Amino acid sequence: MPSTNDSGALAVEASGLVKHFGQVRAVDGVDLAVRAGTVFGLLGPNGAGKTTIVRMLATLLAPDAGTATVLGHDIRRAADEVRSLVGLTGQYASVDEDLTGTENLVMLCRLYGFGRGAARERSQALLTAFDLQDAGGRQVKTYSGGMRRRIDLAASLVVNPRVLFLDEPTTGLDPRSRNQVWDVIRTLVEDGATVLLTTQYLEEADQLAHRIAVIDHGRVIAEGTSAELKASVGTGAVQLRLVDPDDRPAAESVMARVLDLTPERSADPAALSARTGDSAAVAQLLPALADAGIAVAEFSLGQPTLDEVFLALTGRPAADEEIDEGSAA
Amino acid sequence: MSVDSAARAATREWEPDRELLRAALLVTDRPTRPAALSAAFTFGWRAILKIKHVPEQLFDVTLTPIVFLLMFTYLFGGAIAGDVSDYLHYLLPGVLVQTVLITTVYTGFTLNTDITKGVFDRFRSLPVWRPSPLVGALLGDTVRYVIASTVTLGVGFALGFRGAGGVPGAVAAVALLVVFASSLAWIFTILGLVLRTPNAVMGVSMLILMPLTFASNAFVDPSTMPSGLARVVEANPVSHLITAIRGLMYGTPEASQLLWVLVAAAVITAVFAPITMHLYRQKN
Ligand SMILES: Nc1ncnc2c1ncn2[C@@H]1O[C@H](COP(=O)(O)OP(=O)(O)O)[C@@H](O)[C@H]1O
Ligand SMILES: [Mg+2]
């Protein structure tokens, strides 16, 4: 997990964002604060409202209520300034599949105001940086999924945006392509960009994001660092293995007293486990066992997965709403 | 290709080269925002590239006039006008207009495809003159109108059409037609923004265009029609357009007819372009 960077100004600030589509409250009062130079993750299942939030922040969609600024510019009153500072890679195709990779980039360079020669040069540099120099002359529709995402990313980076919105940048990619995209994102952030990404992958938010907002039904239901989220849910797993299996009943009662819960017996006759968020109590466990004369062979404190976080926050697993992945608009 | 990149290509593996990426991202000078027309021309260039890459999209644009000219001239020509050559003389300007008007439907179709695929989100997130993607698409589509016109005129010439207006008359006719078609396209951009799928746009647009082009003076002289029908046909704007086009091609242009078409084009644009832009800005 990346370290948290708490210093610095806010790159994106939103308060009370609301968006309806007919009867659907797609976004239902969202507040966000994204520090400059960090990766902020919007984590939620399909239909949670992630895309709608990103589209409002990228000035593609006017909010029904609420305000937001990007690098201090109001998304409504200063939409043009916002547009000149942000890059966007949408969830779906954001380059023209009929054109070649080079043509797509040259077109975008020209639209940002590069001259003809400069546009060619810049496109070539971007293609090379993303290892697409050999594919630049081919129509994008012939690209593999990973290449597609890379040209999408390159297209968002034509003018080195200060803030980058990435809507599900790795959905549908194989693990290797996903790792490549992650590396690109990390490099961008090392260079000072701010990234707001949405994801359905708990691991992705854990890997990349300094802070995570968990989105469900258009609301932020939890926000914090990955560690904070896990701690607030309080389902860390304490694993204990004893030298002597005969000590298990005694260890069980020590654990029950110190952690104030009933430990679970594992299949291994010398092992015990328990789920707890009380790290202070966990710290007392080893001395208490030593006092009782119980020898410990292994001790570990595992963190809960973000899957467990989602389950604990919403009472249902995140996977429930992923059934129609890819087909939702 | 270096040995290194060949090896990487062979294993299909890629590690982002942080130094290359950094170098590519290190653009300190931001170019100034392009002029409105320059952005529109860039979008027009895109439309032309799409025609180059997907030439299949010109199939119906080119096949329709060929089929119509052959079918009407030889199947119905004798019955309608008594003489095949006379009928071709009457028919060609009508088929030319019909062909180009049907081509305008593609503007809405293409726009809707861009929206459903998501490309328009990127365009709308750019700091450019807001109408430029639409204006550019219309500019690019004029290439399609010219191609459709050229094919129709070429087939007509091969079948024996000789207009007294000659080449200048034909060029002027195509120019007038392109102006009118570009204004009409603003109606189909509205459909492109409102309807849900590209095919729905195509269907509804045809439903509008077919009666307009068939209930016109394109194929049959209204003086031979029952008086009620003739009044409808003569009021049809497409009939006015065809009359003006005939004037140019036959070498007998009338200022009032030309003016009628130009004013109609201006009115259509003045009404429908702002509606399109409003919908475009509000588009979810
Ligand atoms: N253009 C739209 N028209 C109608 N409903 C929409 C539209 N876009 C999104 N929605 C609805 O809003 C909700 C949130 O969608 P979205 O923001 O796409 O979620 P996510 O990106 O998290 O999957 C969903 O119920 C979706 O069906
Ligand atoms: Mg989405």
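The following questions and answers concern a predicted model.

Biologist: Is helix 5 of chain B roughly parallel or roughly antiparallel to helix 10 of chain B?

Modeller: Two packed helices are described by the angle between their axes and the distance between the axes. Helix 5 (residues 84-103) and helix 10 (residues 198-214) of chain B have axes 10 Å apart and pack at an angle of about 170°. Angles over 145 degrees count as roughly antiparallel. Helix 5 of chain B is therefore, relative to helix 10 of chain B, roughly antiparallel.

Biologist: How many residues of the contact of helix 5 of chain B with helix 10 of chain B are nonpolar?

Modeller: Helix 5 of chain B contributes B:Gln98, B:Leu101 and B:Ile102, while helix 10 of chain B contributes B:Met206, B:Leu209, B:Met210, B:Thr213 and B:Phe214. Of the residues of this contact, no charged ones are found, two are polar, and the nonpolar ones number six.

Biologist: Is helix 5 of chain A roughly parallel or roughly antiparallel to helix 6 of chain A?

Modeller: Helix 5 (residues 145-156) and helix 6 (residues 175-190) of chain A pack with their axes 9 Å apart, at an angle of about 15°. Angles under 35 degrees count as roughly parallel. The arrangement of helix 5 and helix 6 of chain A is therefore roughly parallel.

Biologist: How many residues of the contact of helix 5 of chain A with helix 6 of chain A are charged?

Modeller: On helix 5 of chain A the contact involves A:Gly146, A:Arg149, A:Arg150 and A:Leu153, and on helix 6 of chain A it involves A:Ser177, A:Gln180, A:Val181 and A:Val184. Three of the residues are nonpolar and three are polar, and the number of charged residues is two.

Biologist: Which chains share the site of ligand 1?

Modeller: Ligand 1 is surrounded by 13 residues, and the closest are A:Gly47, A:Gly49, A:Lys50, A:Thr51 and A:Thr52. The surrounding residues come from two chains, so the site is shared between chains A and B.

Biologist: At what distance does a polar side-chain atom of A:Thr51 lie from an oxygen atom of ligand 1?

Modeller: A side-chain N or O atom of A:Asn46 is 3.1 Å from an oxygen atom of ligand 1. A:Ala48 places a backbone N or O atom 3.1 Å from an oxygen atom of ligand 1. For the polar side-chain atom of A:Thr51, the distance to an oxygen atom of ligand 1 is 2.6 Å.

Definitions and conventions: Residues are numbered from 1 along each chain as its sequence is written. Chains are lettered from A and ligands numbered from 1 in the order in which they are written. This is a predicted model: local features need pLDDT of at least 70, side-chain atom pairs count only at pLDDT 80 or more; totals for chains, interfaces and linings use all residues. Side-chain values use heavy atoms; hydrogens and water are left out. Axes are lines fitted to C-alpha atoms, for helices over the stretch in contact, and angles run from 0 to 180 degrees between N-to-C directions. Helices (H or I, at least four residues) and strands (E, at least two) are DSSP runs, numbered from the N terminus. Angles under 35 degrees count as roughly parallel, over 145 as roughly antiparallel, 65 to 115 as roughly perpendicular and the rest as oblique. Contact means heavy atoms within 4.5 Å. Ala, Val, Leu, Ile, Met, Phe, Trp, Tyr, Cys and Pro count as nonpolar, Asp, Glu, Lys and Arg as charged, and the others, Gly among them, as polar. A residue is near a molecule or strand if one of its heavy atoms lies within 4 Å of it. A polar contact is a pair of N or O atoms within 3.5 Å; within protein, one must be able to donate a hydrogen and the other to accept it, and residues adjacent in sequence count only if both atoms are side-chain atoms.
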